[in-house]
Amino acid sequence: MQTLPSAEAFEGTRRYLPTRVLGAGSWGTVYQAYDNERNAFVAVKLLSRVGPEPLMRFKREFRALQNVVHSNLVTLYELLSHGDQWFFTMELVDGATFLEYVMGSVNVAPRRGLVANEIDVTADQRVRQKNEPSTLEVAPQAYTLATVLMQPPVGQREARLDDAAIARLRHALGQLVDGLCVLHAAGKLHRDVKPSNVLVTPTDRVVILDFGLVRDRQDLDIHRSSSGGVVGTPAYMSPEQSAGDDVTEATDWYSVGVLLFEALTGEVPYEARASEMTAARRELPPLAPSMLVKGVPKDLDALCVQLLARQPGERLRGQQLREKLVRPSMPPMVRGVVDPQAQLFGRASELQALTQASEHVRNQQQAALVELTGAAGIGKSVLARKFFYDLCNAHQRWVVLEGRCGETETVPFKAFDGVVDELVAWLANLPATTVASLLPRDFTALCRLFPVLRRLEAQVPARRRSVEPLDALELRRRAFRALREMLARVAERYPLAIFLDDLQWGDDESAALL
């Protein structure tokens, strides 16, 4: 049975032998490891921060990108659970950061912690941050570039980039735009574009990586939830992201603008405490790189200013960038997810069967089971997601929980793992008293099977904190019963649908639970 992941070092498995640590962040540690089956080195990302919220984010990072394949996005391989540890494997990218590549050197000094570190602001901190004065009444040295904006710059520095560096910048920027366009076409937002998350290999291939903050753009409207705070790297955040507002594709393009500004000038547009940067981004117009540095190409100068616009609607978008970045060869856009608002043709009978099942659930207060079968690639998943999208729009009270049996996942109860993640995210948005009334009597046993549920432990009355049985079979029996009880309680208040995708890749444990 699974428990919360530990923060211990990755000691490897029979298949994966770790050889060295490549890097560490606030959520995980990345190792180089030898894959005995592939006979090649891979990167292994180990979840190193204990807790249900990190575990949910970790799984979301893998699942969001496992089917999005493009030369400018890192390729993910497998998600695994081994003992108390969770990790996934991916392509090992050997290269320099975006800025190191542009400068033609791997000896670029890292920026100080304020720029390099990610932040994750809690809801209470977010409220306090929004209540802070939005004026810039701070010492001028705390925001050097903001001061330049309020008075004419005193001369320009010599050109930072020579012709060869400008050529490398154009080449890398074009591939970065291509990769983000593919990510956005797949309905995802990166939310943490920065130099260390964009690598360039010795073959001049740009690879976007580290999708720890990736988020569904539309969330498929099936009640997914974020942590409710501000996440990202302060110096590269858009005004709306740093303020905790809703974000769109324009947020990623703002970060690209910061990256371009830094490549051209050697500085980020705003560098101060997080709250001061938030105010500066909202109140001050974007600064053109040419005001600080000589020899900036006019098109890149204008491009940078347009990307750093304060209002999301004023920024350049993907296709506009592709058109402005004229390059000899432009890789074709790969297909993205089907827009759930689009109309389906030739599927009237299948949609009718699903509609009848949903009406049976609502009107008769009884369960219904629908099995969608067909050849691979015929559109079963698209049909189901389209149906549930329309169902939620027509009947706001429906709760739709989706799980997927990933062919490349080796986790317990994988058919239901995503379902429980989405259930936790949905419950987290309800009042505490409502959540407490929906939790089962044997909640502790259920947490042993699905650790992410411990995010709700604060809502469990003391009388329901049952003693965990020692026998594994008894524990599983009680956990199964608890999940059934919990879903039944939800269904008593809301029409409930559970969508299990790619069930053919399910495991024996999922079959027993189902």
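This is a predicted model: local features need pLDDT of at least 70, side-chain atom pairs count only at pLDDT 80 or more; totals for chains, interfaces and linings use all residues.
Residues are numbered from 1 along each chain as its sequence is written, and side-chain values use heavy atoms, with hydrogens and water left out.

**Overall content**

The secondary structure of the protein chain comes to 18 helices and 15 strands. Helices (H or I, at least four residues) and strands (E, at least two) are DSSP runs, numbered from the N terminus. Of the 514 residues in the protein chain, 51% are buried. Buried stands for under 20% relative accessible area and exposed for over 50%, with partly exposed in between (1.4 Å probe, protein chains only). Among contacts in the protein chain with a separation of 6 or more, 71% are between residues 24 or more positions apart. A contact is defined by heavy atoms within 4.5 Å.

**Helix pairs**

Axes are lines fitted to C-alpha atoms, for helices over the stretch in contact, and angles run from 0 to 180 degrees between N-to-C directions.

| Helix pair | Axis separation | Crossing angle |
|---|---|---|
| α6 (residues 163-185) and α10 (residues 298-307) | within 12 Å | roughly 40° |
| α14 (residues 414-427) and α17 (residues 472-493) | 13 Å | about 50° |
| α12 (residues 348-364) and α13 (residues 380-394) | within 11 Å | roughly 45° |

The axes of α6 and α10 cross at roughly 40°, which makes α6 oblique to α10. Angles under 35 degrees count as roughly parallel, over 145 as roughly antiparallel, 65 to 115 as roughly perpendicular and the rest as oblique. The crossing of α6 past α10 is left-handed. A crossing is left-handed if the near helix is turned anticlockwise from the far one by less than a right angle, and right-handed if clockwise. On the α6 side L169, R170 and L173 take part, and they meet D299, L300 and L303 in α10. By class, the contact of α6 with α10 has four nonpolar, no polar and two charged residues. In this classification Ala, Val, Leu, Ile, Met, Phe, Trp, Tyr, Cys and Pro count as nonpolar, Asp, Glu, Lys and Arg as charged, and the others, Gly among them, as polar.

Helices α14 and α17 pack at about 50° and are oblique to each other. Here too, α14 passes α17 in a left-handed crossing. L423, W426 and L427 in α14 meet M486, L487 and V490 in α17. The residues of this contact of α14 with α17 are six nonpolar, no polar and no charged.

For α12 and α13 the axes cross at roughly 45°, and α12 is thus oblique to α13. The crossing of α12 past α13 is right-handed. From α12, the contact takes in E350, L351, L354, T355 and S358, and from α13, L383, F387 and L391. The contact of α12 with α13 has five nonpolar, two polar and one charged residues.

**Individual residues**

Helix α6 also holds L176 and Q175. L176 is buried at 0% relative accessibility, and Q175 is buried at 10%. Leaving aside neighbours within four places in sequence, L176 is in contact with F98, V198, V206, I208, V256 and L259. For Q175 and V200, 25 residues apart along the chain, the C-alpha separation is 9.8 Å.

K45 belongs to strand β3 (residues 40-47) and is buried, with 8% relative accessibility.

**Cysteines**

A disulfide is a pair of cysteine sulfur atoms within 2.5 Å, and by this rule the count is zero. C181 is buried at 7% relative accessible area, and C405 is buried at 1% relative accessibility.

**Backbone**

Most residues other than glycine have a negative phi. Q365 has a positive phi near 55° and is not a glycine. Q365 is in the loop between α12 and α13 and is exposed, at 61% relative accessibility. D502, likewise not a glycine, has a positive phi of about 50° and is found in the loop between β15 (496-501) and α18 (508-513).
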